[in-house]
Amino acid sequence: MQYLCNKYCTEENQHLYPKAPEERGTVDRFLFFDMGTLTYAMKEYFRPRIYEGLPPDAEKENLLKQSLDYLDGVLETVEGGYITGEKLTIADLAILASLTELDAMGYVYKYYGNLTRWANRLRELPYYKDCCVQGIEMTKAHMKQVEEDAKKQAEKERKASAGKK
């Protein structure tokens, strides 16, 4: 997203990735938080479910909760309604994409009121459905298939084990 904004942003949409170093640094900080903390926490928590069809790793949920707590706190103090202030930036879009994955995985984060209100408001953007709804459905279908495959494998192993007795 950074590259695309650097290459194609016009005066009209430069707010997505500001040129002013301080503003850009704030956007970058949240982009890096999304990539390095939030997404990492999500992957660690959901790893057993994604790859083995097993329940998420409850021991890893605390990191995810801390990440969501942090964002909820930021949104409580920021003025303007967006993650970095008054205008929509690519940091908002990146974090919304991560939350969309949580939605697809069925993870409930409604107890983070500021974060939930912010995400619900951004979901009203005219391009949200075009960009995200199909991905949510694809993730749900993939997870259903992984879980079905895991059940079949477990049943196969159970039958093989019962046959050896």
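What covers the buried residues of helix 6? The cover includes helix 2 (21–52), helix 4 (90–104) and helix 5 (113–122). This is a predicted model. The protein chain has six helices and zero strands.

**Overall build**

- From the N terminus on, the elements run α-α-α-α-α-α.
- The radius of gyration of the protein chain is 19 Å, whereas a compact globule of 165 residues would have one near 15 Å.
- Along the principal axes, the C-alpha atoms fill a box of roughly 70 × 30 × 25 Å.
- Of the 165 residues in the protein chain, 38% are buried.
- Take the contacts between residues at least 6 apart in sequence: 64% of them join residues at least 24 apart.

**Surface and charge**

- The protein chain exposes about 10500 Å². Carbon and sulfur atoms supply 53% of that area.
- There are 24 positive and 27 negative side chains. The centres of these two sets lie 8 Å apart.

**Helix 6**

- Helix 6 covers residues 128–164, which makes 37 residues.
- From its first C-alpha to its last, helix 6 reaches 54 Å. That is close to the 54 Å expected at 1.5 Å a residue.
- Its buried residues are Tyr128, Cys132, Ile136, Thr139, Met143 and Val146.
- An α-helix has 3.6 residues a turn, so residues three or four places apart point the same way.
- Helix 4 is one of the elements that cover these buried residues.

**Helix 4**

- Helix 4 has 15 residues and reaches 21 Å from its first C-alpha to its last. The span expected at 1.5 Å a residue is 21 Å, and helix 4 is close to it.
- Because 11 of its 15 residues are buried, helix 4 is largely enclosed by the rest of the structure.
- The buried residues of helix 4 include Ile90, Ala91, Asp92, Ala94, Ile95 and Leu96. Also among them are Ser98, Leu99, Thr100, Leu102 and Ala104.
- What covers them includes helix 1 (2–8), helix 2, helix 3 (61–77), helix 5 and helix 6.

**Glu44, in helix 2**

- Glu44 is found in helix 2.
- Is Glu44 buried or exposed? Glu44 has a relative accessible area of 14%, so it counts as buried, the cut-off being under 20%.
- Beyond residues up to four places away in sequence, Glu44 touches Asp57 and Lys60.
- Glu44 and Val78 are 34 residues apart along the chain, and their C-alpha atoms are separated by 29 Å.

**Gly53, between helix 2 and helix 3**

- Gly53 lies in the loop between helix 2 and helix 3.
- Leaving out residues up to four places away in sequence, Gly53 touches Pro48, Val146, Glu147 and Ala150.
- Val146 is also one of the buried residues of helix 6.
- Gly53 and Val146 are 93 residues apart along the chain, yet their C-alpha atoms are separated by 5.3 Å.

**Tyr127, between helix 5 and helix 6**

- Tyr127 lies in the loop between helix 5 and helix 6.
- Tyr127 is partly exposed, with a relative accessible area of 35%.
- Apart from residues up to four places away in sequence, Tyr127 touches Leu88 and Leu93.
- Tyr127 and Gln153 are 26 residues apart in sequence. In space they are 40 Å apart, C-alpha to C-alpha.

Notes. Residues are numbered from 1 along each chain as its sequence is written. This is a predicted model: local features need pLDDT of at least 70, side-chain atom pairs count only at pLDDT 80 or more; totals for chains, interfaces and linings use all residues. Side-chain values use heavy atoms; hydrogens and water are left out. Helices (H or I, at least four residues) and strands (E, at least two) are DSSP runs, numbered from the N terminus. The radius of gyration is taken over C-alpha atoms; the globule rule is 2.2 Å times the number of residues to the power 0.38. Buried means under 20% relative accessible area, exposed over 50%, partly exposed in between (1.4 Å probe, protein chains only). Contact means heavy atoms within 4.5 Å. Accessible areas come from the Shrake-Rupley method with a 1.4 Å probe; for residues, only the protein chains shown count as cover. Lys and Arg count as positive and Asp and Glu as negative; His and the chain ends are not counted. The place of a charge is taken as NZ of Lys, CZ of Arg, CG of Asp or CD of Glu. The expected span of a helix is 1.5 Å times one less than its number of residues.
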